[in-house]
Amino acid sequence: MARTPTSQAPLRIAGVSKRETRTQFAALCYRVSKTPKGKKGKEAAPAVEILLVSSRDTGRWIIPKGWPMDGMTPAAAAAQEAWEEAGVRGRAHGQCVGLYAYDKWLDEELSLPCIVAVFPVEVKKLDKDFPESDERKRKWFSPKKAAQKVDEPELKVILESFDPARLY
């Protein structure tokens, strides 16, 4: 059965209390290798790789994410974060592939509960110069290895089970 794409409208951001649960949008940046030749000349399955970036504060591996942006769709906001945090240029898919939760620490005593909606971004190019290039590292991983590198349990499941063939 063919999937019908979900349409997204640009968001209009109203004031929200700093203590309420907030929503963020994240980019699952991926690439698919060209189909390599396997043993005896048979084609092997294409390999999917996921790009992770280091967080600015602790250096742990994460996917690019950020706050909703006024006038942008959730997928477009995720793609913007992918460029700012990882120098990614590519195609954002409007299909959310999962949600995960985490606590964003604002200082040593105050955290903000966040729900993150994850949107795939097919990487076409990586810029060397991007806004946070001096603050982050970036590295490609297999979906299984990427899942092992992140802390959030729901994000682990999203990464390990990601299959771009299921996108519309």
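**Reading the core and the salt bridges**

Modeller: Start with the core. This is a predicted model. Its largest nonpolar core has 23 residues. Leu 28, Leu 52, Ile 63, Tyr 100 and Leu 159 have the most contacts inside this core.

Colleague: Which elements each supply at least two residues of this core?

Modeller: Strands S1 (22-32), S2 (48-54), S6 (98-105) and S7 (111-126) do, along with helices H2 (143-149) and H3 (153-161). S7 gives the largest share, four residues.

Colleague: What is the general idea behind such a core?

Modeller: In soluble globular proteins, nonpolar side chains tend to be buried together. Here there is also a second, separate core, with 18 residues. Ala 75, Ala 82, Ala 86 and Ala 117 are included in that second core.

Colleague: What does Leu 52 touch, leaving out residues up to four places away in sequence?

Modeller: Among its contacts are Trp 61, Ile 62, Ile 63, Phe 141, Ala 146, Val 150 and Leu 159.

Colleague: Now the charges. How should I read a salt bridge?

Modeller: Side chains of opposite charge can pair when their charged atoms come close. A search of the whole structure finds eleven salt bridges. One of them joins Glu 49 to Arg 31, with the closest N and O atoms 2.6 Å apart. Glu 49 is in strand S2 and Arg 31 in strand S1, so the pair ties together parts 18 residues apart in sequence.

Colleague: How does accessibility class Glu 49 and Arg 31?

Modeller: Glu 49 counts as partly exposed, at 25% relative accessibility. Arg 31 is partly exposed too, at 32%.

Colleague: Which residue does Glu 135 pair with?

Modeller: Arg 56, with the closest N and O atoms 3.3 Å apart. The two are 79 residues apart: Glu 135 in the loop between S7 and strand S8, Arg 56 in the loop between S2 and strand S3. Glu 135 is partly exposed, at 41%.

Colleague: Are Arg 136 and Glu 85 buried or exposed?

Modeller: Both are buried. Their side chains meet in a salt bridge, 3.8 Å from N to O. Arg 136 sits in the loop between S7 and S8, and Glu 85 in helix H1, 51 residues apart.

Colleague: Which residues make up the network of salt bridges?

Modeller: Arg 56, Glu 85, Glu 132, Glu 135 and Arg 136 are linked in it.

Notes. Residues numbered from 1 in each chain as written. Predicted model: local features only at pLDDT ≥ 70, side-chain atom pairs only at ≥ 80, totals over all residues. Heavy atoms only, no water. Core = buried A, V, L, I, M, F, W, Y, C linked by side-chain atoms within 4.5 Å. Buried < 20%, exposed > 50% of the residue type's maximum accessible area, 1.4 Å probe, protein only. Contact = heavy atoms within 4.5 Å. Salt bridge = Lys/Arg side-chain N within 4 Å of Asp/Glu carboxyl O.
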